[in-house]
Amino acid sequence: MSELDELFTALRAEPAPAGLGAIDGAVMAGLARARVAEAGVARRGMALAGLVAVVVGVMAAGTPGSTAYAEPLLGVPASAPSHLLAD
């Protein structure tokens, strides 16, 4: 472990490489490209979700003989006190 400490101490004494200052522009350009690509993927995903919702809605509306229920599936039961007071 002392060898590692000596290496870090020697490295700390050396000046930083000159190319290290120029790396910022390349990193920021890469991040901007990644952000644009992610935005395109998100847009396509939202468009696909909207298309699926429209298709399912049209298919459900066009189904003949389907019965509609007045109470929601996970709603308040009819015998609950809050339901009785509201009626």
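A residue counts as buried when its relative accessible area is under 20%, and as exposed when that area is over 50%. By this cut-off, 2% of the 87 residues of the chain are buried. The model is a predicted one, and the accessible surface of the chain comes to about 7,900 Å², with 70% of that belonging to carbon and sulfur atoms.

The fold is simple to list. The chain contains three helices and zero strands, so its elements read α-α-α from the N terminus on.

The chain has a mean pLDDT of 82, with 72% of its residues at 70 or more. Helix H2, residues 23–61, has the highest confidence, at a mean of 92, whereas helix H3, residues 81–86, has the lowest, at 61. Where pLDDT is low, the predicted coordinates should not be read in detail.

Helix H1 covers residues 2–13. Its 12 residues should span 16 Å at 1.5 Å a residue, and the end C-alpha atoms lie 17 Å apart, which agrees. H1 is also hardly covered, since the count of buried residues among its 12 residues is zero.

Next comes a feature of the surface. Leu48, Leu51, Val52, Val55, Val56 and Met59 make a nonpolar patch of about 590 Å². One of these residues, Leu48, lies in helix H2. Is Leu48 buried or exposed? Its relative accessible area is 53%, so Leu48 is exposed. On the spacing of such positions, an α-helix has 3.6 residues a turn, so residues three or four places apart point the same way.

Notes:
Residues are numbered from 1 along each chain as its sequence is written. This is a predicted model: local features need pLDDT of at least 70, side-chain atom pairs count only at pLDDT 80 or more; totals for chains, interfaces and linings use all residues. Side-chain values use heavy atoms; hydrogens and water are left out. pLDDT is the predictor's confidence in each residue, from 0 to 100. Helices (H or I, at least four residues) and strands (E, at least two) are DSSP runs, numbered from the N terminus. The expected span of a helix is 1.5 Å times one less than its number of residues. Buried means under 20% relative accessible area, exposed over 50%, partly exposed in between (1.4 Å probe, protein chains only). Patches are made of residues with over 30% relative accessible area and no salt bridge: like charges are joined within 9 Å, nonpolar side chains (Val, Leu, Ile, Met, Phe, Trp, Tyr) within 5 Å. Accessible areas come from the Shrake-Rupley method with a 1.4 Å probe; for residues, only the protein chains shown count as cover. A salt bridge is a side-chain nitrogen of Lys or Arg within 4 Å of a carboxyl oxygen of Asp or Glu.
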